[in-house]
Amino acid sequence: MRHLTKLQKQVEEYDKRYGWTEDRADHITLHMSEELGEISRRILRFEGYKIEKFDKGELSEEITDLLYLTLKLANTFNICLDDVWDSMWERYEKKTSRK
Ligand SMILES: [Mg+2]
């Protein structure tokens, strides 16, 4: 089993256990925005814009919260991220090799 597929399966099983497999895509994306905001706050702390203590552990948690929701959103649409990951790299390689 490829890496992202394994993670998507883990998310699917977790969501099934708690009855969260029917969550709406728009709600998932709203939660993603919320998590991105939480990541942004940690980055603003890191850069010193916010005078609050930066904690790398907190940033790590927020990044994984967003990753969980990304996997969940992909599951909602039955998207195999391993497949699209490979095609994304092909696109990126083509784009960067043109320079
Ligand atoms: Mg969070």
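**Entry 1: charged surface**

I began with surface charge. I placed Arg-91 in helix H4, which covers residues 81-97. I note here that the model is predicted.

**Entry 2: the metal site**

Which residues coordinate the magnesium ion? I found Glu-35, Glu-38 and Glu-62, each through OE, and Asp-65 through OD. The distances run from 2.0 to 2.2 Å. Along the sequence, the spacing of these donor residues reads E-x2-E-x23-E-x2-D.

Glu-35 and Glu-38 are both in helix H2, residues 25-46. They are 3 residues apart there, about one turn of the helix.

Is Glu-35 buried or exposed? Glu-35 has 12% relative accessibility, so I log this residue as buried. The cut-off for buried is under 20% relative accessible area. Glu-38 has a relative accessible area of 23%, so I log Glu-38 as partly exposed. Glu-62 is buried, with a relative accessible area of 9%.

**Entry 3: salt bridges**

How many salt bridges does a search of the whole structure find? The search returned 13.

Pair one is Arg-2 with Asp-83. Their side chains meet in a salt bridge at 2.4 Å, N to O. This pair links distant parts of the chain, 81 residues apart. Arg-2 is in the segment before helix H1 (3-17), and Asp-83 is in helix H4. I checked the cover on both. Arg-2 comes out partly exposed at 36% relative accessibility. Asp-83 is also partly exposed, with a relative accessible area of 44%.

Pair two is Lys-9 with Glu-12. I read 3.3 Å, N to O, for this salt bridge. Both residues lie in helix H1, 3 residues apart, about one turn of the helix. Lys-9 has a relative accessible area of 36% and is partly exposed. Glu-12 is at 28% relative accessibility and is partly exposed.

The Glu-62 side chain meets that of Arg-42 in a salt bridge at 3.8 Å, N to O. Why does this pair tie together parts of the chain that are 20 residues apart in sequence? Because Glu-62 lies in helix H3 (residues 56-76) and Arg-42 in helix H2. Arg-42 is buried, with a relative accessible area of 13%. Salt bridges join Arg-41, Arg-42, Arg-45, Glu-52, Glu-58 and Glu-62 into one network.

**Entry 4: nonpolar patch**

Next I looked for nonpolar side chains on the surface. Tyr-14, Tyr-18 and Trp-20 form a patch of this kind. Together they have about 300 Å² of accessible area. I found Trp-20 in the loop between H1 and H2. Trp-20 is partly exposed, with a relative accessible area of 36%. The cut-off for a patch residue is over 30% relative accessible area, so Trp-20 clears that value.

**Entry 5: a backbone check**

I checked phi at Asn-78. The angle is positive, about 50 degrees, although Asn-78 is not a glycine. Where is Asn-78 found? Asn-78 is in the loop between H3 and H4. At 71% relative accessibility, I log Asn-78 as exposed.

His-3 is in helix H1. Is His-3 buried or exposed? His-3 counts as exposed, at 67% relative accessibility.

His-27 is in helix H2. I log His-27 as partly exposed, with a relative accessible area of 39%. For His-27 and Asp-15, I have 12 residues in sequence and 14 Å in space, C-alpha to C-alpha.

Methods. Residues are numbered from 1 along each chain as its sequence is written. This is a predicted model: local features need pLDDT of at least 70, side-chain atom pairs count only at pLDDT 80 or more; totals for chains, interfaces and linings use all residues. Side-chain values use heavy atoms; hydrogens and water are left out. Helices (H or I, at least four residues) and strands (E, at least two) are DSSP runs, numbered from the N terminus. Donors are N, O and S atoms within 2.8 Å of the metal (3.2 Å for Na, K and Ca); water is not among the atoms, so sites may look incomplete. Buried means under 20% relative accessible area, exposed over 50%, partly exposed in between (1.4 Å probe, protein chains only). A salt bridge is a side-chain nitrogen of Lys or Arg within 4 Å of a carboxyl oxygen of Asp or Glu. Patches are made of residues with over 30% relative accessible area and no salt bridge: like charges are joined within 9 Å, nonpolar side chains (Val, Leu, Ile, Met, Phe, Trp, Tyr) within 5 Å. Accessible areas come from the Shrake-Rupley method with a 1.4 Å probe; for residues, only the protein chains shown count as cover.
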